[in-house]
Amino acid sequence: MISISDRYYQIFLSQGIVATFGSSAVFNCCTASVLSWFKRRRAYAFGIMVSGSSLGGVIMPIMMNKLIPRFGFPWTIRIVTFMILGLLAIAACTVRCRLPLRPKPFNVASFLSGIRDPVFSLTCVASFLFYWGLFIPFNYIILQAEKAGMRSEMAQYLLPIINAVR
Amino acid sequence: MYGLFSGSFISLAPTLVAQISDIHEIGTRQGIFFVFQSFGALTGSPIAGAITARQHGSFSGLQFFCGVSFLMSMAVHILARGKLVGMSAARV
């Protein structure tokens, strides 16, 4: 849908709302599945899983920088989408949950009860502060490098470098 | 350097939640955890952009904001750990 948007509200709706619903659903399912299969080496397994997102962060910027001059923005987005579709098809066939699914009644109070635990609420506040600062370098490093005098072709590779080290 | 250290936290955060919660509550608690994270991610970049605009394009304020938020996050994490098992260097 982003490929056919040309107004701000269309981009906001398609990228900001629809795409995030889908990607967060996929991410949460995969996370829950991985965490349910591992007990002793859970952090290790989760680290390998998250490294996939770093791999995407390396490939996507370079891919889009090379494809946009050649095919234009709409077709670049469609190419990326088809790539994601193929990968999701593999994931949909292979991701399984170990624990049996037990649908629970939706209860708002159960969501809020966790906040009463001081350790958990402090951890939540700490992660809020961490994510406050986390995306700033990702968003601004290319701008800062170009302002400091780095050549534009080289500066485009900074984002993949950060993601590769992750 | 930044990628190296931030990546370790991102992969450890849900495991943190899993370690301090009952097995039945892990999913719900992770949901709340991610809600807090999302508000941080939502507001962080626009605030940084506003700081840069206020400083007429200089990036020093943005760097300072980023560093201070990480330091505050570290302090609150240490506080949480202290509340859980005390401030000694013993294992959890």
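Chain A of this predicted model has a secondary structure that comes to seven helices and zero strands, so that, if you read along its sequence, the pattern is α-α-α-α-α-α-α. Of the 166 residues in chain A, buried residues make up 29%. Chain B, for its part, comes to three helices and zero strands, with the pattern α-α-α along the sequence, and buried residues make up 38% of its 92 residues.

Before I turn to individual residues, a word on confidence. The mean pLDDT of chain A is 77, and 87% of its residues reach 70 or more. Among the elements of that chain, helix α3, residues 73–94, has the highest mean pLDDT, at 84, while helix α4, residues 108–113, has the lowest, at 68.

Over all chains, the structure holds seven aromatic pairs, and the one I would like to show you is formed by Phe130(A) and Phe70(B), a tilted pair with 5.0 Å centre to centre and 45° between the planes. Why does this pair join two chains? Phe130(A) lies in helix α5 of chain A, whereas Phe70(B) lies in helix α3 of chain B, residues 60–85, and therefore the pair joins the two.

Staying with aromatic rings, but moving to another part of chain A, you will find Arg78(A) over the face of Trp75(A), at 4.7 Å from the ring centre.

Which residues make the nonpolar surface patch of about 790 Å²? From chain A they are Met150(A), Met154(A), Tyr157(A), Ile161(A) and Val165(A), and from chain B they are Met1(B), Leu4(B) and Phe5(B). The elements that give two or more residues to this patch are α7 of chain A, residues 158–165, together with α1 of chain B, residues 2–20. Met150(A), one of the patch residues, has its place in the loop between α5, residues 118–148, and α6, residues 152–155, of chain A.

Pro61(A) is in helix α2 of chain A, residues 42–71, and with a relative accessible area of 18% it is buried. The C-alpha atom of Pro61(A) is separated by 6.6 Å from that of Pro160(A), although the two residues are 99 residues apart along the chain. In the other chain, Pro14(B) is found in helix α1, and this residue, at 2% relative accessibility, also counts as buried. Between the C-alpha atoms of Pro14(B) and Ile26(B), which are 12 residues apart along the chain, the separation is 9.1 Å.

Notes:
Residues are numbered from 1 along each chain as its sequence is written. Chains are lettered from A and ligands numbered from 1 in the order in which they are written. This is a predicted model: local features need pLDDT of at least 70, side-chain atom pairs count only at pLDDT 80 or more; totals for chains, interfaces and linings use all residues. Side-chain values use heavy atoms; hydrogens and water are left out. Patches are made of residues with over 30% relative accessible area and no salt bridge: like charges are joined within 9 Å, nonpolar side chains (Val, Leu, Ile, Met, Phe, Trp, Tyr) within 5 Å. Accessible areas come from the Shrake-Rupley method with a 1.4 Å probe; for residues, only the protein chains shown count as cover. A salt bridge is a side-chain nitrogen of Lys or Arg within 4 Å of a carboxyl oxygen of Asp or Glu. Helices (H or I, at least four residues) and strands (E, at least two) are DSSP runs, numbered from the N terminus. pLDDT is the predictor's confidence in each residue, from 0 to 100. Rings of Phe, Tyr and Trp (its six-membered ring) pair if their centres lie within 6.5 Å; planes under 30 degrees apart count as stacked, over 60 as edge-to-face and the rest as tilted. A charge sits over a ring if NZ of Lys or CZ of Arg is within 6 Å of the ring centre and within 35 degrees of the ring normal. Buried means under 20% relative accessible area, exposed over 50%, partly exposed in between (1.4 Å probe, protein chains only).
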